[in-house]
Amino acid sequence: QVQLVESGGGLVQPGGSLKLSCTASGSILSIYHMGWYRQAPGKRREFVARITSGGSTNYADSVKGRFTISKDNAKSTVYLQMNSLKPEDTAIYYCSGRIVAVTLPDPRDYWGQGTQVTVSS
């Protein structure tokens with residue numbers, strides 16, 4: 001069993017910063033990549049950022065230059081540093097990982113429970 005647990009969400013004023021964390025745990029054999037998605041009220045879930053096992057990153061155009069994804073392999077943790085936050089960044093942020101579990105031969109996509117980020121004055 002593999003679990004992803006996010007933390008770090010909250011309420012922040014426009015222009016402020018937040019840092020999200022997501023830790024993968026359980027019977028993990030390898031992690032292909034991990035990333036972040038978000039879903040605002042009434043909208044579809046959308047891609048935010050991703051980092052591969054080799055450290056390559058990519059971002060949604062809407063967050064480029066403001067958000068930075070990073071990881072700590074030893075802790076199986078991925079971070080999302082969010083700066084210059086805007087009201088339109090308000091959403092539930094979900095961590096996702098393509099992970100090979102010890103008990104399963106193929107990689108699967110796992111999701112965290114989500115953490116709320118609200119940008120408001």
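Biologist: What pattern does the protein follow, read along the sequence?
Modeller: In this predicted model, the pattern along the sequence is β-β-β-β-β-β-β-β-β-β-β. The secondary structure comes to 11 strands and 0 helices.

Biologist: How compact is the protein for its length?
Modeller: Its radius of gyration is 14 Å, close to the 14 Å that the globule rule gives for 121 residues, so the protein is as compact as a globular protein of that length. Along the principal axes, the C-alpha trace spans about 45 × 25 × 20 Å.

Biologist: And how much of the protein is buried?
Modeller: Buried residues account for 40% of the 121 residues. As for the surface, the protein exposes about 6,500 Å², and carbon and sulfur atoms supply 47% of that area.

Biologist: What share of the contacts with a separation of 6 or more comes from residues 24 or more positions apart?
Modeller: Such pairs make up 55% of those contacts.

Biologist: Turning to charge, how far apart are the mean positions of the positive and negative charges?
Modeller: They are 1 Å apart, with 13 positive and 8 negative charges in the protein.

Biologist: Let us look at single residues. Where is Asp 89 found?
Modeller: Asp 89 lies in the loop between β8, residues 77-82, and β9, residues 91-101.

Biologist: Is Asp 89 buried or exposed?
Modeller: Asp 89 has a relative accessible area of 0%. Buried means under 20%, so Asp 89 counts as buried.

Biologist: Which side chain does the side chain of Asp 89 make a polar contact with?
Modeller: That partner is Arg 38, whose side chain is in polar contact with the side chain of Asp 89 at 2.9 Å. The Asp 89 side chain also reaches the backbone nitrogen of Lys 86, at 2.8 Å.

Biologist: Which residues does Asp 89 touch, not counting those up to four places away in sequence?
Modeller: With those set aside, Asp 89 touches Arg 38, Arg 66, Phe 67, Ser 84, Val 117 and Val 119.

Biologist: Now for Asp 61. Is that residue buried or exposed?
Modeller: Asp 61 is exposed, because its relative accessible area is 65% and exposed means over 50%. Asp 61 is found in the loop between β6, residues 57-59, and β7, residues 67-72.

Biologist: What does the side chain of Asp 61 make a polar contact with?
Modeller: The side chain of Lys 64 is its partner, at 3.2 Å.

Biologist: And how far is Asp 61 from Gly 10 in space?
Modeller: The two are 23 Å apart, C-alpha to C-alpha, and 51 residues apart in sequence.

Technical notes
Residues are numbered from 1 along each chain as its sequence is written. This is a predicted model: local features need pLDDT of at least 70, side-chain atom pairs count only at pLDDT 80 or more; totals for chains, interfaces and linings use all residues. Side-chain values use heavy atoms; hydrogens and water are left out. Helices (H or I, at least four residues) and strands (E, at least two) are DSSP runs, numbered from the N terminus. Buried means under 20% relative accessible area, exposed over 50%, partly exposed in between (1.4 Å probe, protein chains only). A polar contact is a pair of N or O atoms within 3.5 Å; within protein, one must be able to donate a hydrogen and the other to accept it, and residues adjacent in sequence count only if both atoms are side-chain atoms. Contact means heavy atoms within 4.5 Å. The radius of gyration is taken over C-alpha atoms; the globule rule is 2.2 Å times the number of residues to the power 0.38. Accessible areas come from the Shrake-Rupley method with a 1.4 Å probe; for residues, only the protein chains shown count as cover. Lys and Arg count as positive and Asp and Glu as negative; His and the chain ends are not counted. The place of a charge is taken as NZ of Lys, CZ of Arg, CG of Asp or CD of Glu.
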